[in-house]
Amino acid sequence: MDDDDEVVIIGAGICGLATALALHKKGIKAVVLERSESLRNITGAAIGIRPNGWRALQQLGVADILRHTAVPIQRIFITNLFTPFLRTPWYGETRCLTRKDLIDTLYAALPPGTVKFSCQLESIKLDPHSSKPVLWFIDGSSIPSKVVIGCDGGKSVVADFLNLKPTKMFPLCSIRGLTNYPNGHSFGNEFTRFMKSNVLIGRIAIDDNLVYWFCAPRYNPKDEKMWEDPKVIRQSTLELLRDHPKEIYEMIENADMKSLSYTRLRYRAPWELLTGTFCKKTVVVAGDAMHVMGPFLGQGGSAGLEDAVVLARTLAQMGSNGVETGSKMAVHRVEEAFNRFVKQRRMRVLRLSLQTYLTGMLLSATSSIKKIIYIVLLVLLFYNSSSHINYDCGNL
Ligand SMILES: Cc1cc2nc3c(=O)[nH]c(=O)nc-3n(C[C@H](O)[C@H](O)[C@H](O)COP(=O)(O)OP(=O)(O)OC[C@H]3O[C@@H](n4cnc5c(N)ncnc54)[C@H](O)[C@@H]3O)c2cc1C
């Protein structure tokens, strides 16, 4: 990193890479510091992107490249849960991208050398003299920096610096994987979601051969370490779903071992999103670091893409890019830009997180009374349950 790197982004996940790309497009120089040794492009297998996410990808200039990697999903098929059988069209562009395609495409669009690997942030402290944030790394090194954007995920060190409360856990976990059908699958361009024996299962086509699937059983603390081994993940999933239809069983059996993952589902409490301080001086959080949410609406990643567009636009609008004037960023302009960013994003991510939270609590509730309460709240607050996909983050 050199002195010209005015913006430091922590974390090269979807949001960190998208933010670096958005800033680059606005002529703002940024560096991304990532703790892993290389790009984390396999974990989590795949990700569904709905129309609001595509609008953000369009602004980032990578939508057309990504469209070639996945088929459009036309319908959702829900079997069981509240309606026994419901097959309904999915309006607006929806595709399921492999995480590898998404991460690799964002990375490839960045100027070479933007991401520095093996840089694990340990803490941030404010310099007592200059009040600038100083980044401390796990290897004992430190760097003063002017502007810091924390895109370091659900266990964010930057969020700790902002005194945000630790994220919470759903009583559910998620098992995800990819299965390739060399002769083509027969599932169509459809998202199938069904619930059996209290386990939610989803299956969605990426292309004519590749299928992404997930299931969300209840979390059992005893399993945590065991599930780090892909062989155990596959075996345990097969046992969990042994009384499921043959095609589901075979899909798990034939899954690509490298794609298998087990994740405990976390969330930032919606009420914290209402009141939390998401920026302090020239430090801000975005993506999961700000608003980690369960996967029940499939919106966490898209919300991070929206953050990237809004954040870069706000910084540029405040003249904080120093590009037109050739000057360095004025600290007070950055602070103002971050305040505006948080103001613009707060209600959007609050609504998304609340709807996701209520859906997750409904899926994990064991008592009928609780289920009824969550259904009533969802109907009252989110009568049009798909309205969140109409959101437009605007031009970069
Ligand atoms: C089961 C499941 C299914 C999902 N499905 C969907 C979906 O269909 N659609 C959708 O839009 N979203 C989905 N999501 C949500 C989506 O995956 C996340 O919202 C998204 O990946 C968050 O991106 P991020 O860049 O903010 O954080 P992350 O992806 O967590 O990236 C954070 C990065 O920061 C790095 N890092 C962390 N700490 C440090 C540190 N101290 N120093 C340096 N680097 C650090 C990490 O190594 C990582 O590379 C799903 C989530 C789950 C759990």
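Colleague: Which residues does Glu190 touch, not counting residues up to four places away in sequence?

Modeller: This is a predicted model, in which local features need pLDDT of at least 70 and side-chain atom pairs count only at pLDDT 80 or more, while totals for chains, interfaces and linings use all residues. Residues are numbered from 1 along each chain as its sequence is written, and side-chain values use heavy atoms, with hydrogens and water left out. Glu190 lies in strand β13, residues 190-196, where strands (E, at least two residues) and helices (H or I, at least four) are DSSP runs numbered from the N terminus. With contact taken as heavy atoms within 4.5 Å, the residues that Glu190 touches are Ile73, Arg75, Phe77, Arg87, Arg203, Ile204 and Ala205.

Colleague: Why does Glu190 count as buried?

Modeller: The term buried means under 20% relative accessible area, exposed means over 50%, and partly exposed lies in between (1.4 Å probe, protein chains only). Glu190 counts as buried because its relative accessibility is 6%.

Colleague: With which residue does Glu190 form a salt bridge?

Modeller: A salt bridge requires a side-chain nitrogen of Lys or Arg within 4 Å of a carboxyl oxygen of Asp or Glu. The closest N and O atoms of the pair are 2.9 Å apart, and the pair links distant parts of the chain, since Glu190 is in strand β13 and its partner in strand β4 (residues 75-79), 115 residues apart. The partner counts as partly exposed, at 29% relative accessibility, and the residue asked for is Arg75.

Colleague: Which residue forms a salt bridge with Glu247?

Modeller: The closest N and O atoms of this pair are 2.8 Å apart, with Arg203 facing Glu247, and the pair joins strand β14 (residues 199-205) to helix α7 (residues 246-253), 44 residues apart.

Colleague: Which residue meets Arg348 in a salt bridge?

Modeller: The N to O distance in this salt bridge is 2.9 Å. Arg348 lies in helix α11 (residues 331-364) and its partner in helix α10 (residues 300-317), so the pair ties together parts that are 42 residues apart in sequence. Arg348 counts as buried at 10% relative accessibility, and its partner is buried at 0%; that partner is Glu306.

Colleague: How far apart are the end C-alpha atoms of helix α1?

Modeller: The expected span of a helix is 1.5 Å times one less than its number of residues. Helix α1 has 12 residues (14-25), so it should span 16 Å, and the model agrees with an end-to-end distance of 16 Å.

Colleague: How many residues of α1 are buried?

Modeller: The helix is mostly covered, with Ile14, Cys15 and Gly16 among its buried residues. Out of its 12 residues, the number buried is 10.
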